[in-house]
Amino acid sequence: MRDVHRLEPTSADPGGGSVLAAWERFVRGEDHIPGVRPLVAISWHRCREQYRVDPYLTEAPVAVAEFGHAPEHDVVFAELGFRAASVAHEVGSLGCVVTVTDAAGRILAEWGDQATLAKAGGCNLAPWFCWSECAVGTNGMGTALEAHGPVPIRGAEHWCRAFHDWFCAGMAVRDVVTTEPIAVLTICCWRSELPASAESWLAKAVTMTQHPLKRRARDSGAELVAAYTQARGRSSAALAALDTGGKVVIADDMASVLLGVPACTPAVDPTLRWNPGLPELIAAARYAAGQAAHNPDWVGSTQIFAHLADEPTSISFRPVFSSGHLIGNLVAFGASDGAQLPQAEGSAHPSVQPRRLVAVRGNRMVLLQLPEVSFAESMGNDVWLCTEQGRLRAASVSLDKLDNELADFGFLRVHRRYVVNLSRVREIERGVKGDLILIMDGRVREMVPVSRRNAPAVRRALDI
């Protein structure tokens, strides 16, 4: 079936003068780059500060790293190949190429007219080469792996000068359970703007590609519930079933209290599963999934601080498979079976302190020292930082990710919507029902609620 969106050409300014001037200043070390889209500015910051990509690189490196993938990934690659090939005749006449890239940024296949493919080959925009952001900086494929939704990168927005003649838009297909990227579908045009409908076509193609992943995830959720029910009849320990991303599919009465989720209520649909709000548990679950994927007989255990518990709780992980494919783990509380999870591997916290947090104000990227941030608040699809410069939207779109990054550096998750800088807490107020409210320093003295399940951790951290 043909896509309903036709890809028509649009005019462009290939020079991108203002963006090019901003790129030149940023490469020299300046941070003030007005006129650059926040998504691009944040990507440039990763390229310069984190990945240290040479902005004068002239071609992509050879893709040599191995990258394992689940059977579902092959389904994604096949589907994206079909969709890319189906639109190739349209984009070929516009001087564009379509690529499919894996989660490591390696181009797997490419379609387009021979003249444009030859231009693309000059900078290794071709199969067998790597276009991750850490390899070549800001680009349609690599930056799509770092962001959600369609990602257009136009002309001088590319980190490397050699790619400034390209206008690209990419969108990642993500695992519906872990949200990790699986592949990227990208349209790249030589010295001309992207077709007007490129982003909507990408979004539609990715949505259609994810349909079988969602069906498979729902089936896996039902099988996890069945495995939990069977195990529940053989054990008296508190028990829960977690998917490979660390989300809770079902938990018994006792486990639900420790995890802070509803009891005995299956969440088969991946979009309805519960986040326990325990970074250590989620990190351990992901580590366990990685171990079990290589060794189906693996069983492991660790200790975590559960909700409403003043002491660490022992938990064990036992993998659950369906047709030879790992779908999750059964987690037993109070058990310590199998190998101990290495602390360094089981921890979700980084070993190196982030120097700065990145926020966005209009078209500007704001770089914040950690002490400047009083707390982070999740509102809808955004995370907002309360800072000495006012409220700023965080570059991170996930409060969970921000919590994981900052947990070792004086920040604590106190509520499903809040992460606070403990050094900025000035007063603690008790509510009429005994609940806690943190009053932060600063002129406004903002108030942050503490959820009941996070109260023990707050009392330990503040020694109250």
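**Entry 1: an asparagine in a loop**

Does N139 count as buried or exposed? I noted first that I am working from a predicted model. I then looked up the accessibility: N139 counts as buried because its relative accessibility is 1%, and the cut-off for buried is under 20%.

I placed N139 in the loop between α5 (133–136) and α6 (140–146). Next I checked where its side chain goes. The side chain reaches the backbone oxygen of G137 at 2.8 Å, and it also reaches the backbone oxygen of W131 at 3.1 Å. Leaving out residues up to four places away in sequence, I found N139 touching W131, S132, E133, A144, I153 and H158. I also took a C-alpha distance to H73, which sits 66 residues away along the chain from N139: the separation is 23 Å.

**Entry 2: another asparagine**

I moved on to N454, which I found in the loop between β21 (447–449) and α12 (455–462). N454 counts as buried because its relative accessibility is 7%. Its side chain makes a polar contact with the side chain of S451 at 2.6 Å. With residues up to four places away in sequence set aside, N454 touches H307, R413, V414 and H415.

**Entry 3: the aromatic rings**

Which count do the aromatic pairs come to? I get seven. I looked at F26 and W159: their ring centres are 6.1 Å apart and their planes lie at 80°, so I logged the pair as edge-to-face. This pair links distant parts of the chain, with F26 in helix α1 (residues 17–28) and W159 in the loop between β3 (151–154) and β4 (166–174), 133 residues apart. Both F26 and W159 are buried.

I then turned to W166 and W190. Their ring centres are 5.3 Å apart with planes at 65°, so this pair is edge-to-face. It links distant parts of the chain, too: W166 belongs to strand β4 and W190 to strand β5 (residues 181–190), 24 residues apart.

I returned to F26 to see what surrounds its ring. Ring pairs link F26, W44 and W159 into a cluster. Over the face of F26 I found R48, at 3.9 Å from the ring centre.

Terms used:
Residues numbered from 1 in each chain as written. Predicted model: local features only at pLDDT ≥ 70, side-chain atom pairs only at ≥ 80, totals over all residues. Heavy atoms only, no water. Helix = DSSP H or I, 4+ residues; strand = E, 2+ residues; numbered from the N terminus. Buried < 20%, exposed > 50% of the residue type's maximum accessible area, 1.4 Å probe, protein only. Polar contact = N/O pair within 3.5 Å; in protein donor to acceptor, adjacent residues only side chain to side chain. Contact = heavy atoms within 4.5 Å. Phe/Tyr/Trp six-rings, centres within 6.5 Å; stacked < 30°, edge-to-face > 60°. Lys NZ or Arg CZ within 6 Å of the ring centre and 35° of its normal.
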